[in-house]
Amino acid sequence: MADEKKVKSIDAATIEMIEKAAKDNVSTIFERADKMAPCPIGAEGSCCSQCAMGPCRVPLGRGKVETEEDKKKRRGLCGATAETIAARNFLRKIAAGTASHSDHGRRVTQAFIETARGHVKGFEIKDEQKLLALALELGVKIGDRSNNEIATEVGEILLGEFGKQEGELLFLKRAPTKRREIWRKLGVAPRGIDREVVEAMHRTHMGVDQEYENLLLQGARCALADGWGGSMIATELQDIMFGNPAPVLSQINLGVMKEDEVNVIIHGHEPALAEMLAVVSHDPEIVAYAKSKGAKGINLAGMCCTANEILMRHGVPIAGNFLQQELAIVTGALDAMVVDVQCIMQGLGEVAKCYHTKLITTDDRAKIQGAVHMQFDESNPIESAKAIIKAAIDNFPNRKAGVVIPKYKSDLIAGFSHETINYLLGGMFRASYKPLNDNIINGRIRGVAGVVGCNNARVTHDDVHVKLVKELIKNDVLVLLTGCAAMALAKQGLMVPEGAQYAGEGLRSVCEAVGIPPVLHLGACVDNCRILVAATAMVKDGGLGDDVSDLPVAGAAPEWMSEKALAIGQYFVSSGAYVLFGVTWPTTGSKEVTDHLFKDMEKMYGGKWDFEPDPIKMAEKMIAHIDAKRKALGIDKARERVLYDMEMRRELT
Ligand code: XCC
């Protein structure tokens, strides 16, 4: 798969910095990807390293059709079949992804409770309306209690979801009735978040669960504990504590860095530290300190999903997505790369050594050899954040010669929470998904796609995202984006209302009437649960069936690489969605397991997995699925009849 001639990126800033890295003799992921091909046995899910008698390798080999004789030979030392091995590997990845989102959710919940108890100076309960709505939903008494009292109880109830042993996760009640019945019938309604992760690890231990269908049922249950559990708790409480996102204008790409200011990038996933950095970087004392060191001010930017969090709530610019993290250092202008958890490449340490950049770890769960560790103290966030920014300022005078900041940057509008979409499409006083549903029914909008996930160094950076999404909007499919996928589209200028020029006539008319881009940024990867909530609201507002699986919607992660992406994909499939992944598929070593995921799951959940690396074919498959759902709903004819005269356009406004 490693192809020497592969174009590395479609992003000009990225290409400029890859070339600078080569000139500076600095190794980056792009170069390492050329030198090391992925292991073909691991890539197809045919390597079992669960015990010390192995690793056992049972490869099928690409494009090979297996005979019964071959099949008998494909066993590990313990007799584990290729199916068991592929399914175990798949389940373990889902468990790791679920654990990552959910451990994030747990930290947020703990900080939320401490804030509500008044133990934290710096954080507060910002969104009263969302707090009260959640309290009502959870049966927490409101009466004349203070927001802090209510929030404490809400936080304690949700913290209990992680260690719960019996029953069902509380947020499952949000799903359509039909969906909950499916989960119960299949026995995949998650009980407690931690319990499902632990059980997944137990079942995949040597000599436990050895039936691939059963292993994949636990995959569904574990993933649902992520989407309707850990991730959803994180998003809800972050919104209440830091503010519900609303549309905000900002900029993206390495060009947001500044030559004459202290450049600080916050990279990772959790918003608590990032929130505080955003606040203290404007503190007059800190700004004066920066000036005393010869800088004009402090320029804070984000990277990966932490970037999405502070972009949506503070308009803080984004320096780049996953594959750009080392390149931000290569500019020679980055004074501190501050990291928390997840998607932080260890390669940053080596790159930082070649320039003056200080790599600062801030979370005791994620230290990096050679980095400076400055623990972020959530009980004293202001002082912690100030100390980190001061360390960056102190490093400003150490910049070396040869700084090059690419001039590329694009405007973007982000901050489309589930509530915002509701208001924008439904109006302030009648917030509802009904107008969206109506536009789907009348065919102006053909359907809705969620395009999410990472960058992957095995494909041209950002290329698959952009080609796929352009094809979708050209065909009147409204696209909701999160994570690094959102950043890819923003860099190409699609995340502003002018992006509607790439949309088909129907979608364009709706975007122009409402004043929204044809691709909406919904936030970080934990915020994919906003798409679950939006899909459920579409079902509840009527006209599009009675379950998520009836909706003309589809999802994709065209450049995925992380285990979290698999957890997300599986919770969407188990919630009734059609989900397509690009790049590579991790169970191709077993036809049975792959067929189960790609075919049988549709009969079980109404949603299914699929794999397609080519972005145009991927779009075709998603559109075909959307059209099939339209047909089943009896609204395919409406689309054919649509003609856009002036009167219809006026109707939209
Ligand atoms: Fe990581 Fe979330 Fe993937 Fe980007 S999209 S590479 S998981 S930062 Ni979440």
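The lining of the largest pocket comprises 17 nonpolar, nine polar and five charged residues, where Ala, Val, Leu, Ile, Met, Phe, Trp, Tyr, Cys and Pro count as nonpolar, Asp, Glu, Lys and Arg as charged, and the others, Gly among them, as polar. The model is predicted, and local features need pLDDT of at least 70, side-chain atom pairs count only at pLDDT 80 or more, and totals for chains, interfaces and linings use all residues. Residues are numbered from 1 along each chain as its sequence is written, and side-chain values use heavy atoms, with hydrogens and water left out.

The volume of the largest pocket is about 880 Å³; a volume is the space filled by probe spheres set on the grid points, which are joined across faces, edges and corners. On a 1 Å grid over the protein atoms alone, a pocket is an open set of points with protein on both sides within 12 Å along at least five of seven lines, a cavity is a set of points where a 1.4 Å probe fits but cannot get out, and lining residues have an atom within 4 Å of a point. Of the 31 residues that line the largest pocket, P38, K93, N456, R458 and M561 lie nearest its centre. At least two lining residues each come from helix 2 (29-35), helix 3 (40-43) and helix 5 (82-116); helices (H or I, at least four residues) and strands (E, at least two) are DSSP runs numbered from the N terminus. Helix 5 gives the largest share of this lining, four residues.

Around the ligand are H269, C304, C305, F322, C343, G453, C454, C484, C525, M561, S562 and K564, each with a heavy atom within 4 Å of the molecule. This shell has eight nonpolar, three polar and one charged residues.

Most residues other than glycine have a negative phi, and most peptide bonds are trans. The bond from G54 to P55 is cis, with omega near 0 degrees, and P55 belongs to the loop between strand 1 (47-48) and strand 2 (56-57). N253, not a glycine, has a positive phi of about 115 degrees and is placed in the loop between strand 3 (248-252) and strand 4 (262-267). N253 counts as buried because its relative accessibility is 2%; buried means under 20% relative accessible area, exposed over 50%, and partly exposed in between (1.4 Å probe, protein chains only). D476 also has a positive phi, near 70 degrees, and lies in the loop between helix 19 (463-474) and strand 12 (477-482). At 7% relative accessibility, D476 is likewise buried.
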